[in-house]
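Here is a short report for a first look at this protein. It starts with the whole chain and then turns to a few side chains.

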Amino acid sequence: MSPARPCRGLRAAVAASMGLSEGPAGSARSGRLLRPPSPAPGARLLRLPGSGAVRAANPERGGWTEALRAAVAELRAGAVVAVPTDTLYGLACSASCSEALGAVYRVKGRSETKPLAVCLGRVADVYRYCHVRVPEGLLKDLLPGPVTLVMERSEELNKDLNPFTPLVGIRIPDHAFMQDLAQVFGGPLALTSANLSSQSSSLNVEEFQDLWPHLSLIIDGGPIGDGQSPECRLGSTVVDLSVPGKFGIIRPGCALESTSAILQEYGLLPSHGSCL
């Protein structure tokens with residue numbers, strides 16, 4: 001395993017360079033940063049205009065740009081940030097920062113033998129971090145969307161990210177804020193659901209308040225989906241595309257039917273042991 005990459009002690013410098021306050025939540029320089037209702041030293045909460053799923057018409061006035069800058073600063077400093085996606089609330093960190101990856105596992109109480117997905121901002125980025133063996137049209141038909149595509153990883157990814165497997169799951173959420181965040185950050189983000197391992201996934205920020213004290217920033221995009229529907233908590237549909245000409249459903253998730261239809265339109269066959 002490669003040595004942990006340095007990422008401590010950068011937060012103040014990065015924040016200063018982006019014009020962000022390093023003062024406590026709720027201070028005069030924090031702008032729209034709101035103090036969480038429960039004690040959470042160091043944690044800050046920013047509310048997006050609307051749901052964040054659709055890009056704000058006036059980013060500066062609506063707080064969109066402020067939230068984006070704050071999230072990028074924290075991620076570049078090696079912090080763990082809670083974010084909304086098109087399926088569930090997630091925990092994100094820099095996939096290139098080994099210390100941050102370890103922090104995600106500790107926050108969730110997650111076994112380090114379970115992989116983290118990688119969130120990107122554009123379909124073109126997939127080719128940098130993966131060996132793609134499917135048509136580009138298939139990627140563009142599935143992404144952005146509520147799917148995780150598992151492919152062979154390239155040497156561009158941090159060796160400390162899922163060191164036990166040659167594969168990696170790629171996410172490009174159909175969520176404007178997350179796409180902007182990944183693009184402005186400029187590198188791969190590690191992404192997993194915002195909940196303690198083995199507990200229910202989260203559709204709003206209140207549902208993972210027990211994690212707030214361990215986070216640097218919470219981006220509140222409001223409720224995701226229909227909280228009354230069990231299907232809304234299934235997460236993304238996870239598809240193995242590492243074998244040419246075949247696909248395997250690793251997790252049915254929330255978009256199994258539509259995803260399977262697209263895969264078969266491109267002539268891919270279900271692999272042995274697939275959930276189909």
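Residues 24 or more positions apart make up 63% of the protein's contacts with a separation of 6 or more; contact means heavy atoms within 4.5 Å. The model is predicted: local features need pLDDT of at least 70, side-chain atom pairs count only at pLDDT 80 or more, and totals for chains, interfaces and linings use all residues. Residues are numbered from 1 along each chain as its sequence is written, and side-chain values use heavy atoms, with hydrogens and water left out.

The protein has eight helices and 12 strands. These are DSSP runs numbered from the N terminus: helices are H or I with at least four residues, strands are E with at least two. Of its 276 residues, 52% count as buried. Buried means under 20% relative accessible area, exposed over 50%, and partly exposed in between, with a 1.4 Å probe and protein chains only. The accessible surface comes to about 12,400 Å², and 53% of this surface belongs to carbon and sulfur atoms.

Now the aromatic rings. The protein has two aromatic pairs. Rings of Phe, Tyr and Trp (its six-membered ring) pair if their centres lie within 6.5 Å; planes under 30 degrees apart count as stacked, over 60 as edge-to-face and the rest as tilted.

| Pair | Centre to centre | Angle between planes | Type |
|---|---|---|---|
| Trp64 and Phe177 | 5.6 Å | 80° | edge-to-face |
| Tyr89 and Phe208 | 5.7 Å | 45° | tilted |

Both pairs link distant parts of the chain. Trp64 sits in helix α3 (residues 64–76) and Phe177 in helix α7 (residues 176–185), 113 residues apart. Both residues are buried. Tyr89 belongs to strand β3 (residues 89–94), while Phe208 lies in the loop between β8 (189–193) and β9 (217–220), 119 residues apart. Tyr89 counts as buried because its relative accessibility is 1%. Phe208, at 0%, counts as buried too.

Next comes a charged residue. Arg153 is found in strand β6 (residues 147–153). Which side chain of opposite charge is nearest to Arg153? It is Glu155, 6.8 Å away. Arg153 is buried yet has no salt bridge, meaning a side-chain nitrogen of Lys or Arg within 4 Å of a carboxyl oxygen of Asp or Glu. Backbone oxygens do lie by its side chain. A polar atom of the Arg153 side chain is 2.8 Å from the backbone oxygen of Asn158. The side chain also reaches the backbone oxygen of Asn162 at 3.2 Å. Not counting residues up to four places away in sequence, Arg153 touches several others, including Tyr129, Cys130, His131 and Val168.

Technical notes. Lys, Arg positive; Asp, Glu negative; His and termini not counted. Polar contact = N/O pair within 3.5 Å; in protein donor to acceptor, adjacent residues only side chain to side chain. Areas by Shrake-Rupley, 256 points an atom, 1.4 Å probe, with all protein chains shown as cover.
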